[in-house]
Amino acid sequence: MQSHSKIIEIIDPEFLLTAYCNGFFPMADSKTGEINWYSPDPRAIIDLEKLHPQKSLKSILKKNIFEIKINQNFEETIRRCSKREETWISEKIIQSYLKLNELGYAHSVETWSEGKLAGGLYGVAIGGAFFGESMFSILRDASKVALVNLVKRLNEKGFLLLDAQYITPHLKRFGAYEITRKEYLDLLNKSINLNCMFI
């Protein structure tokens, strides 16, 4: 008997990883779902050595309000990130990154409170590069705490690059800044050739 359930086509994992290694990432059109590929110039990155949490966030970090988990619920994290009025995270994107998570390339850093997911982020790790994709918060400051913990982990593991794609006022507060595509590709090439393990 044939199943009539709709199978969501995914982006070929090898193709997706190769795109990242060449400075490209996918986003789905919010209306049509069509996958488009981007390589912004300039490109936003977060300096792993210069992340400066604001005073209010430092006090929250000290209080250990949130429990930090890695890949505890990757699927819920990416689905929460997609819940916006206009989103580039289509079902095809979700299924593609679930496959990368299964293969050990896509990871979520999650903040939990009282046994529930409170916020988090997800991205892709290749060599010593981490490509940040999206973040969400249910509770105040939950995604910020996830970002601080991501940077801490990347530093501990010897990563060189945290790609933030596009600059936003939110990321600027964390020390994100822009570099040219050429500078980005030079840094990317150095980073992906490092032997770093996110987990």
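Which elements do the buried residues of α3 pack against? I started my notebook with that one.

**Ground rules.** This is a predicted model, where local features need pLDDT of at least 70, side-chain atom pairs count only at pLDDT 80 or more, and totals for chains, interfaces and linings use all residues. Residues are numbered from 1 along each chain as its sequence is written, and side-chain values use heavy atoms, with hydrogens and water left out.

**Entry 1: helix α3.** I looked up α3 (residues 74-82) and found F74, T77, I78, C81 and S82 as its buried residues. Buried means under 20% relative accessible area, exposed over 50%, and partly exposed in between, with a 1.4 Å probe and protein chains only. Helices are DSSP runs of H or I with at least four residues, strands are runs of E with at least two, and both are numbered from the N terminus. Down the axis of α3, the buried residues fall within an arc of 135°, so they line one face of the helix; the arc is that of the directions from the helix axis to the C-beta atoms. Their packing partners are α4 (91-102), β5 (106-113), β6 (116-126) and β7 (129-137).

**Entry 2: the cores.** I next checked the largest nonpolar core, which has 34 residues. Such a core is a set of buried Ala, Val, Leu, Ile, Met, Phe, Trp, Tyr and Cys residues joined through side-chain atoms within 4.5 Å. Y20, I89, I93, Y97, Y122, V124 and F131 touch the most other members. Helix α4 gives the most to this core, with five residues. Apart from it I found another core of 29 residues, with A125, L162, A164 and L171 among them.

I then followed Y97: leaving out residues up to four places away in sequence, its contacts (heavy atoms within 4.5 Å) include F74 and I78.

**Entry 3: cysteines.** How many disulfides does a search of the whole structure find? I got zero, taking a disulfide as a pair of cysteine sulfur atoms within 2.5 Å. The sulfur of C196 has its closest cysteine sulfur in C21, 13 Å away and too far for a bond. C196 counts as buried because its relative accessibility is 12%, whereas C21, at 23%, counts as partly exposed.

**Entry 4: the largest pocket.** I noted a volume of about 420 Å³ and a lining of 22 residues, with E133, S134, M135, A164 and L171 nearest the centre. Strand β7 gives the most to this lining, with five residues.

Conventions:
1 Å grid on protein atoms, 1.4 Å probe; cavity = no way out; pocket = protein on both sides within 12 Å on 5 of 7 lines; lining within 4 Å. Points joined across faces, edges and corners; volume = space filled by probe spheres on them.
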